[in-house]
Amino acid sequence: MIRTEGLTKRFGRITAVDGVGLDVREGDVFGFLGANGSGKTTTVRMLLGLVLPTSGTVEVLGEPMPARRASVLPQVGALVEGPAAPPHLSGRRHLALLDAAGPGSRRTGRAGRVDDALEQVGLGGVDRRPVRTYSLGMRQRLGLAAALMRRPRLLVLDEPTNGLDPAGIQEIRRLLLDLNAAGTTVLVSSHLLSEIERTCTRVGVLHAGRLVLQDDLASVCGPTGLLVVDTPDPHLAARLLVGRVEAVDGERLLVRDQDAASVNAALVGAGVPVRSLHAQRRSLEDVVLDATSRQAIA
Ligand SMILES: Nc1ncnc2c1ncn2[C@@H]1O[C@H](COP(=O)(O)OP(=O)(O)OP(=O)(O)O)[C@@H](O)[C@H]1O
């Protein structure tokens, strides 16, 4: 759905994006991670043809960008920092005007499209108020509603949870997962690791303009080969598992073994109560820290 090769953007002496090779596949919820200033927004703007690359190529929905902007953009819903909705208009009016201005615009069904989009982002009840009375979170949702108006095949969202409270973040997360389940591919940029970890199927990590990691979340956050055992009798457990215990932290043991069933049977058989036992997985935070301290990949 999105492919870039050697994508580079320089602003004078600053290299904001440096040789990036993104590969977002159909059906992905692709998390585009990076610290502030790492180049996420500049990359997203190049994907949408809003900024011209210094070098490299961009393909969106199989078409070269920005050359095929006119046919590609109507199939893409985008939320990037940029001109906000006019403050004196209501959210509903703003969306209706956007719908009317879009390519191939039809009056038929417009009110329904606007209603659906407002409802989807949880703005159904407040849409007649002028945008100047909206909170930052409501403006963010309105931007998202605008991105959803054309029922896009691909959603490109730059920091969509900025300014949202925890309940708002959860709503957006559910909405993205629902849209994805219904067939929409999503690229979402964020500096929030926990958000990406909960929502995404694949991740790309930018560090100082370079893509230092791009992989399936399930494979990068795979098992470490250790089991985490929670027991009220860690000392007896440690004696029984001698030679395999990596660490004891209070009532939790880290055990070098991959066979949870046999470890459980050994402990319970010797009279050690086991509260829980699971395979330890790498956290996305560990993965990102690791990747940013290594060489860039593409
Ligand atoms: N128009 C511009 N002119 C000059 N420098 C720019 C311009 N746009 C971005 N930059 C620089 O490029 C680098 C990457 O910025 P970018 O906004 O793409 O990062 P980001 O990862 O989206 O950060 P944030 O999360 O803070 O938006 C930064 O050093 C920024 O100062």
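This is a predicted model: local features need pLDDT of at least 70, side-chain atom pairs count only at pLDDT 80 or more; totals for chains, interfaces and linings use all residues.

**The open sheet and its surroundings**

Let us begin with an open sheet of six strands, ordered β7-β8-β9-β4-β10-β11, in which the pairing is mixed. Two strands count as paired if DSSP finds at least two bridges between them. Strands (E, at least two residues) and helices (H or I, at least four residues) are DSSP runs, numbered from the N terminus. β7 (76–79) and β11 (210–216) stand at the edges with a single partner strand each, so one side of each has no neighbour in the sheet. On average, neighbouring strands here are turned by 10° against each other, direction ignored.

Residues are numbered from 1 along each chain as its sequence is written.

Strand β10 (residues 202–207) pairs with β11 in the antiparallel sense, over six bridges. Within this pairing, Val-205 has Leu-213 of β11 as its bridge partner. Helix α5 (residues 136–148) packs on the sheet, where it touches β7 and β8 (154–158), and its direction makes about 165° with that of β7. Angles run from 0 to 180 degrees between N-to-C directions, with axes fitted to C-alpha atoms, for helices over the stretch in contact. Contact between two residues requires C-beta atoms, placed from the backbone, within 7 Å. Helix α11 (residues 284–292) lies across β4 (29–33), β10 and β11, at about 40° to β10.

Which residues have the most contacts inside the largest nonpolar core? They are Leu-47, Ala-145 and Val-156, in a core of 64 residues. Helix α5 gives the largest share of this core, seven residues. A nonpolar core is a set of buried Ala, Val, Leu, Ile, Met, Phe, Trp, Tyr and Cys residues joined through C-beta atoms within 7 Å; buried means that 20 or more other C-beta atoms lie within 10 Å of a residue's own. A second, separate core has nine residues, including Leu-227 and Val-272.

Finally, strands β1 (residues 2–11) and β2 (residues 14–20) pair in the antiparallel sense over four bridges. Leu-7 stands opposite Val-20 in β2. Two residues lie between the strands of this hairpin, where Gly-12 takes a positive phi near 60°.

Methods. A residue is buried if 20 or more other C-beta atoms lie within 10 Å of its own, exposed if 12 or fewer, and partly exposed in between; C-beta atoms are placed from the backbone.
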